[in-house]
Amino acid sequence: MMSSPKTIALKIEFGGGMELLFANQRSHKLSIPARVPVDNSTKELQAEPDSSNTKPTDIVFLIHYLRDHLLKEREELFIENGTVRPGILVLINDTDWELEGEGDYKLQDGDEIVFISTLHGG
């Protein structure tokens, strides 16, 4: 049996103005643990690989991770009620996340996740 990877490499992209919240950087490459705390805490990332208080890394964890480690300002423009706020399109490998299970999608090594704001001021 092959052992699963301890980390997952991801490419994260921001568009439609979202990049302004992330130090004006559109593209980020991340390496995050393959298993994370069930409560989505991003502080202690040395979770035991198979303990009952961990889960496979999902989009909900990624959203918390981005908030805690990359977001530079205006958290309320990115997160609302523990997920991305309405008006942010999330694509997983060029597919709308609604077709992939939204926040429950289990991240895979090499995934590309894109966050695009569809809201424009006027």
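Analyst: What follows begins with the whole chain and then turns to the core, the rings and a pocket. The model is a predicted one, in which local features need pLDDT of at least 70 and side-chain atom pairs count only at pLDDT 80 or more, while totals for chains, interfaces and linings use all residues. Residues are numbered from 1 along each chain as its sequence is written, and side-chain values use heavy atoms, with hydrogens and water left out.

The protein chain has 1 helix and 9 strands, in the order β-β-β-β-α-β-β-β-β-β along the sequence; helices (H or I, at least four residues) and strands (E, at least two) are DSSP runs, numbered from the N terminus. Of its 122 residues, 39% are buried, where buried means under 20% relative accessible area, exposed means over 50%, and partly exposed lies in between, with a 1.4 Å probe and protein chains only.

In soluble globular proteins, nonpolar side chains tend to be buried together. A nonpolar core is a set of buried Ala, Val, Leu, Ile, Met, Phe, Trp, Tyr and Cys residues joined through side-chain atoms within 4.5 Å. The largest such core here has 30 residues, and those touching the most other members are Leu-62, Leu-66, Phe-78 and Phe-115. At least two core residues come from each of strand E1 (7-15), strand E2 (27-33), helix H1 (59-69), strand E7 (88-92) and strand E9 (112-117), and H1 gives the most, with 6 residues.

Within the structure there are 5 aromatic pairs; rings of Phe, Tyr and Trp (its six-membered ring) pair if their centres lie within 6.5 Å, and planes under 30 degrees apart count as stacked, over 60 as edge-to-face and the rest as tilted. Phe-14 and Phe-115 make a stacked pair, with 5.6 Å from centre to centre and 20 degrees between the planes. This pair links distant parts of the chain, since Phe-14 is in strand E1 and Phe-115 in strand E9, 101 residues apart. Phe-14 counts as buried because its relative accessibility is 0%, and Phe-115 is likewise buried, with a relative accessible area of 0%. Phe-115 also pairs with Phe-78, this time edge-to-face, at 5.6 Å centre to centre and 70 degrees between the planes. Here too distant parts of the chain are linked, with Phe-78 in the loop between H1 and strand E5 (79-80) and Phe-115 in strand E9, 37 residues apart. Phe-78 counts as buried because its relative accessible area is 0%. Phe-14, Phe-22, Phe-78 and Phe-115 form one aromatic cluster.

If its neighbours within four places in sequence are left aside, the residues in contact with Phe-78 (contact means heavy atoms within 4.5 Å) include Met-18, Leu-21, Phe-22, Leu-66, Arg-85, Ile-88 and Phe-115.

Some of these names return in the second largest pocket, whose lining includes Met-18, Leu-21, Arg-85 and Ile-88. A pocket, found on a 1 Å grid over the protein atoms alone, is an open set of points where a 1.4 Å probe fits, with protein on both sides within 12 Å along at least five of seven lines, and its lining residues have an atom within 4 Å of a point.
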